[in-house]
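Here are my notes on this model, point by point. Please read them with the structure open.

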Amino acid sequence: MMKKSKVLVILLLAVAIYAAMCHTTVYAASEGATLYTSNCLSCHNSIPATDPRLLNATASSITNAIANVDAMKNTHLVHILSSTQIQTIADYINAKGQSSNWTVAGVGDFNKDGNKDIMWRDTKNGYNYVWLMNGTSVSSGLSLTTITDNTWFVAGVGDFSIHKAAHPDGYTDIFWRNVSTGENTLWKMQGDNVTRSVSLPDLSGRNWVVAGLGHFDNDTSISIDILWRDLLNGYNAVWLLKGTTITGVAQLPTYSDGSWVVAGVADFNLDGSVDILWRNKTSGYNAVWLLKGMEISSVQMLTQLADTSWSIAALGDFNADGYVDILWRNQDTGVNSIWLMNGTSVASTVALPTFGP
């Protein structure tokens, strides 16, 4: 009888160990959201660690979600996969800190729903991901092709198609620049699919950077043009494009004060001419060159943001009121925010999910 009891205990212990290994391993959760885990490491679905449900996960939310899973027993579970498998609460919380590698690559409508979406790039691992937005809320995510060669970075996004205003292509394309070789390449996109890759002329010299994309000239198409800035000498020049073909080069006024950086280009005053937004990385002042073609018509100061840990990540009309809005990111804290604009005045501020350490 004792032997049978010992055997039974051993069997029960073995079952318990197996269950501990294969059941209710918690991978992530987010505040107010349902927990997804895997009850078997070989039978799970995958969602990226950038999924909006996971961005605000904390130890407490995960712990609370564990109780919910234990109560529901048969909950279907999902395992997060990133560069490494995350298998404990501590691993997940630590892994969130690695997301400081993620930077905003640009803003565009990737799924053609009329909303401005936010593209992210992991500068360490080469992952590319899109927050699909519904106005100022993150609705879901979209994974793009991974580029692990970190000499390539996203210089901007936009629709490079040749089209008339009444018949837009609607797909957001991705402009890549190689900081080492000076190569420039355009991914023609259809949602998350790269339909073709187009090479643009090389521009060597690390001092030349893409400062922004916008429609600078008065041609009949709405092709995007490329604003280049020489960080060493302060020169500013525009490649005038028709689709992916350079039709000319235009000079803008030189501005050699290195404390001012171009934060983006957009039409702030709705006069049909693209304008240039500048940020002073020392003082936190923000200013707009209001342009008429290639000429500065006036300079408009915006609200100062003295905390220089904040940078302007991208521009886009997030609330569809016709005015360009400003997306801010604090790379130190991972906090993201949108200034909803009324011309050059801040109408209100909207917080986005935190993504970072």
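**Notes on strands and surface**

1. Strand E9 (residues 152-158) pairs with E10 in the antiparallel sense, over six bridges. Gly158 has Asp173 in E10 as its bridge partner. Keep in mind that this is a predicted model.

2. Strand E10 spans residues 173-178 and is mostly covered: six of its six residues are buried. Asp173, Phe175 and Arg177 point one way from E10. Ile174, Trp176 and Asn178 point the other way, and these are buried too.

3. E10 also pairs with strand E11 (residues 184-190). The two run antiparallel and are joined by four bridges. Trp176 stands opposite Thr185 in E11. The hairpin of E10 and E11 has five residues between the strands. Gly182 in this hairpin takes a positive phi near 85°.

4. A further sheet deserves a look. Four strands form an open sheet in the order E13-E14-E15-E16, with antiparallel pairing. Its edge strands are E13 (208-214) and E16 (245-252), each pairing on one side only. The twist averages 25° from one strand to the next.

5. Within that sheet, strand E14 (residues 225-230) and strand E15 (residues 236-242) pair over four bridges, again in the antiparallel sense. Trp228 stands opposite Ala237 in E15.

6. Now the surface. Tyr285, Ile296, Val299 and Met301 form a nonpolar patch there, with about 350 Å² of accessible area together. Met301 is found in strand E20 (residues 295-302). Is Met301 buried or partly exposed? Its relative accessible area is 43%, so Met301 counts as partly exposed.

Notes: Residues numbered from 1 in each chain as written. Predicted model: local features only at pLDDT ≥ 70, side-chain atom pairs only at ≥ 80, totals over all residues. Heavy atoms only, no water. Pairing = 2+ DSSP bridges. Axes fitted to C-alpha atoms, helices over the stretch in contact; angles between N-to-C directions. Patch = residues over 30% accessible without salt bridge, like charges linked within 9 Å, V, L, I, M, F, W, Y side chains within 5 Å. Areas by Shrake-Rupley, 256 points an atom, 1.4 Å probe, with all protein chains shown as cover. Salt bridge = Lys/Arg side-chain N within 4 Å of Asp/Glu carboxyl O. Buried < 20%, exposed > 50% of the residue type's maximum accessible area, 1.4 Å probe, protein only.
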